[in-house]
Amino acid sequence: MQQHRQAKWNDTASEGHEPLLSEKDTTRYEPTDTHLPDELTREGVELPSLSEPELVRHYTRLSQMNYGIDSGPYPLGSCTMKYNPKFTEDLAALPSATVHPDRPSKSAQGTLQIYYELQDYLGRIGGMDAVTLQPPAGAAGELTGILIAKAFHEYNGEADPRDEIIVPSSAHGTNFASAAMAGYDIVELPADDDGRVDLDVLSAAVGDSTAALMLTNPNTLGLFERDIEDIAEIVHDAGGLLYYDGANLNALLGRARPGDMGFDIMHYNVHKTFATPHGGGGPGAGPIGVRDGLAKFLPSPQVGEEGEEYTLFDPEESIGKVHGSMGNWLVLLKTHAYISRLGDTGLTDTSAKAVLNANYLASQVNLDVPFEPFHHEFVASAAKKDAADFAKKMLDYGVHPPTTKWPEIVDEALMTEPTEAESRKTLDQLAAAFNSVDDEGEDVISEAPNATAAKRIDQTKAAREPVLSWQQISD
Amino acid sequence: MQDSLEIDDSQATRDRSNDRGSPFAPHDEEDVRLMLDAVGATDVEELFDIPDSVRFDGEFGIEASSEQAVMQRLHRVLGTNDDVTEFLGRGHYSHYVPSVVDHLSLRSEFITSYTQYQPEVSQGFLQVLFEFQSLVSELTGMDVANCSMYDAATALGEAATLADRVREADGSVVLVPDYLRSERRDVLENYTDGSDLSIRELPTEGGMVRPETLRSYLDDDVLLVYVENPTSEGVIEEHLTEIGSIVNEESSLLCVGSDLVALSLLQNPGQFGADIVVGNAGVLGLPNVYGMSIGIFACRDDFLRQIPGRLVGASRDSAGDRTYTLTLQTREQHIRRERATSNICSNQAWVALRTAIHATYLGPDGLTELADRCTRLPARVAAELDEINGVSAPVNDAYHFREFTVAVERDASEVVSDLVGEGFAVHERDDQTLQVCVTETNEHRIDDFIESFREVME
Amino acid sequence: MTFEIPDDRRYAESHEWAKKTDAEGVVRIGITDFAQDELGDIVFAELPEVGDELSEGDEFGVIESIKAVSDIYSPVTGTVEDVNGEIIDQPELINDDPHESGWLVAVETESGIDHLLTASEYEEHI
């Protein structure tokens, strides 16, 4: 393995790879001569203070100890870590995008136009009749969607018996948590031997108490739920609603739409499907699409159009708000820009290349992939090895490893999603990394990683003796 | 409509990257052929296991565009936002964000990374978040802080559900002051929709919570009391010490809403008995971007295992070095599922990075001096507005932070609309009340603003 | 892999053990060697308080490892008489010594433990 090495400047003033801000400087400041009387002020604050050059060195050094998509492939299954086009950042930095949320609508027409158009774009892409952009992340979108389902049943006088949400056991943890936050009991649906929803099991699970079924399609194994029309019929006949978890929409762009499959509510993960940067954990955005009859329950406000003007309005039976204002505006602006750039041809090609890349990578990797035919991601089995160790060893090859040990239906799972943005040559190199690690013994991989800023981190110590701030560091 | 969906591409340079499909997929025709051969397919369509009956054969009707064309169009669309000077606040504030914040936060190792599931290659961002938690902990006076919520409103919602789980009292009422913004209250209602909690409103006088009123509202039913400092009307609460002891006597919990600038100067919530502090951290690091922000969540150590969202902790690696990692993850949805402390997954990590850079750039003196300025500016502007015929300001006889309410002897909506005509935006609160917010970012326009206000009132 | 299954006590199918103490009608309860191994490094235990009533088969606490959360079920019906405070500060005791110093609670019960699995029956079970 050929490695590029260049020494880095390390501040060795204290231990660790880069001292904490507090170790570089801590100053206690107690203001005098404030406008407020003493009883309304605190005694002072103790915070770090760095000059601009020092600040730049600190954060630059930290960035060098962080892996991003621009560093190399990031095939983290279910997370769709694809290239984030740079031009969208320039739009987000425009002074004209800096708008207070309480401006009169007339004075924020540009922003409202972008909301209006993006509501429209997402509706077309998902096959949905109305869209809200307010939820600030996918999980917030799930909660919003479930609250809409709840409002729908309440409106129909059926809230009382319908107190259950059905979730497949291989679903994202957020599905369970979001439904529980909305007050629902969870009915867990085991998969059939093929890794899909078992229609008989589903038929037995639905009934008068079913509020909704939450489904990811393709599911977390990358498999398309072929029986989706039957699934929709079973749920609808029982009086429930069908919710689409949009985490895997990248696989279907331009080839199938949740609305056409019978889904009533869906969320979009814009950092997954529409390439907005994930920023080390967020901000995301989790717009919700609904079919016609549910539009009246959407959060307020919605953006509409009256004549020549974009306006805000409250849907008549709105569930209210799920974010203090209008969601993560800059993320939505980047989403609009990405969709505008790609258009029909680009979006449709995205799913083609995403699915081609996953299939090609799987064909070059020597691991067993128990469930097929997968689409944009595959779940390989590390078999006799520990998948977490397998992943740690991959770090030594300069790549970010797949999602590990999930979904549990695959033994020692390596859930791998290369996305459309990797070239054939990159995939070949990625496959070689998988295969090299596969050839190593468990004794070697359990010691990994070795070529990273930090060696294997003691998770047990972190959890048994929580140290959550520099104030709590004693050693 | 000001603009059609069709894009005029004629002025833009031709961008051949669109001809291949996605401009961000690197494959050429030969790549596709070789890859199809490897998987044993002749056409990509064969790889899609989608029944014909649900295949989508239509088009979205969205035309692909060159980068230049998209930039030009969205520039133009955003340009239709009026170029007004905002004197707007009410929970969303503008402070000058130094240029270094953009430059550092846009380093691609930061902005193009995912959540730190592999800590060994994420030490940089984990340290950033650890430092953010430490800053929030210091400013709130709380033992622990998480590494962000979406915004102040959802953080308040999470505070209520935490109170429900830790249950130091039997009750189920969340008491909120009448000045709480309706938007935040709406979010709170939705976050508590699945629980037995109910929201009850606490009347205030002169814009602040009165201890005697609070006492009369505090009974066994009250689980959580929420107050803001400063309030959404800019009032600085004057009885927090008493409020803290009253709430603690009753074994209810006290949640304080604030922001990181105000917290550097105003009374320390950790000192007057707050159990939970929520609020807005985006006052540092983000300008007013249509309400996109970052929420604070900090609380007492006792509630550690009930905290929502992600936590970063310090540990050691196998070489014995200090390292950082996401920790106590069994609280979270990906492990605890329906019994998780929250459904939150993605949060506002990148904004936390920006906030930490901005806070450290200012330092304790710069931050406190900024806060002090936020108490002087509204006093000055209110006094000048009060000189105008038919205007009375501030409405509340109190100290203010950044903003204050203004009574006008004219229809408030007309005043707002006339002011927009003059190039200024203020809040309309009711028929005869406005709200005005002033910070260092609009300070240079104060004289013009006062002059326009005077003209509008004549 | 073999696990310690001492035959001085009885077992529940949900991987808890129960052992009589010197005190009349009081049994100690813990999780088995097999259970601690399945969980991995235990970092936290949430236990009932003295005086709490437990029912056989009902969950009475939670054990957390780094990556998993497990409910623990009471093998007997009775009243919590004592709680092992040591494991709050040192949850690793449950990993290191699940059958002795890693015990969880002591319960006063009238039902006895003879209805539970014997060591050999439990060995069969796992």
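Predicted model: local features only at pLDDT ≥ 70, side-chain atom pairs only at ≥ 80, totals over all residues.
Which residues of chain A gather in a patch of negative charge on the surface? They are A:Asp227, A:Glu229, A:Asp230, A:Glu233 and A:Asp237.

**Chain A**

A:Asp230 sits in helix H8, which covers residues 228–237 of chain A. Its relative accessibility is 36%, so A:Asp230 counts as partly exposed.

The UniProt record, an unreviewed entry, places the feature "domain: Aminotransferase class V" at residues 152–279 of chain A. In the model, that span is 30% helix and 20% strand. Its end C-alpha atoms lie 35 Å apart.

A:Glu30 and A:Arg28 join their side chains in a salt bridge, at 2.9 Å from N to O. A:Glu30 is partly exposed because its relative accessibility is 47%. A:Arg28 has a relative accessible area of 40%, so A:Arg28 is partly exposed too.

The backbone of chain A has a cis peptide bond. It joins A:Ser300 and A:Pro301, with omega at about -5°. A:Pro301 is placed in the loop between strand S9 (288–290) and strand S10 (302–306) of chain A.

**Chain B**

Chain B has 458 residues, and buried residues make up 65% of them. Its secondary structure comes to 14 helices and 15 strands. Along its principal axes, the C-alpha trace spans about 80 × 60 × 50 Å.

What does the UniProt record place at residues 25–450 of chain B? The unreviewed entry gives "domain: Glycine cleavage system P-protein N-terminal". The model shows 36% helix and 16% strand over this span. The end C-alpha atoms of the span are 55 Å apart.

B:Glu45 pairs with B:Arg55, and their closest N and O atoms are 3.1 Å apart. B:Glu45 and B:Arg55 are 10 residues apart, and each lies in the loop between helix H1 (29–39) and helix H2 (67–78) of chain B. B:Glu45 is partly exposed because its relative accessible area is 34%. B:Arg55 has 22% relative accessibility, so B:Arg55 counts as partly exposed.

Another bridge in chain B joins B:Asp164 and B:Arg167, with the closest N and O atoms 2.4 Å apart. B:Arg167 has 32% relative accessibility and therefore counts as partly exposed.

| Acidic residue | Arginine | N to O distance |
| A:Glu30 | A:Arg28 | 2.9 Å |
| B:Glu45 | B:Arg55 | 3.1 Å |
| B:Asp164 | B:Arg167 | 2.4 Å |

Why can such pairs form? Side chains of opposite charge can pair when their charged atoms come close. Over all chains, the count comes to 62 salt bridges.

Now the backbone of chain B. A cis peptide bond joins B:Ala393 and B:Pro394, and omega is about -10°. B:Pro394 is found in the loop between strand S11 (391–392) and strand S12 (403–408) of chain B.

B:Arg402 lies in the loop between S11 and S12 of chain B. B:Arg402 is not a glycine, yet its phi is positive, at about 70°. Is B:Arg402 buried or exposed? B:Arg402 counts as buried because its relative accessibility is 0%.

B:Arg90 also has a positive phi, near 55°, in a residue other than glycine. B:Arg90 is placed in the loop between strand S1 (85–86) and helix H3 (99–105) of chain B. At 9% relative accessibility, B:Arg90 counts as buried, because the cut-off is under 20%.

**Chain C**

For chain C, the UniProt record places "domain: Lipoyl-binding" (unreviewed entry) at residues 26–108. Over these residues the chain is 19% helix and 42% strand. The end C-alpha atoms of the span are 4 Å apart.

A network of salt bridges links C:Asp8, C:Arg9, C:Lys19 and C:Glu100.

C:Ile5 lies in the segment before strand S1 (10–11) of chain C. Its relative accessible area is 17%, so C:Ile5 is buried.

Key:
Residues numbered from 1 in each chain as written. Chains lettered and ligands numbered in written order. Heavy atoms only, no water. Patch = residues over 30% accessible without salt bridge, like charges linked within 9 Å, V, L, I, M, F, W, Y side chains within 5 Å. Areas by Shrake-Rupley, 256 points an atom, 1.4 Å probe, with all protein chains shown as cover. Salt bridge = Lys/Arg side-chain N within 4 Å of Asp/Glu carboxyl O. Lys, Arg positive; Asp, Glu negative; His and termini not counted. Charge placed at Lys NZ, Arg CZ, Asp CG, Glu CD. Helix = DSSP H or I, 4+ residues; strand = E, 2+ residues; numbered from the N terminus. Buried < 20%, exposed > 50% of the residue type's maximum accessible area, 1.4 Å probe, protein only. UniProt positions renumbered as here; feature names shortened; annotations may be inferred.
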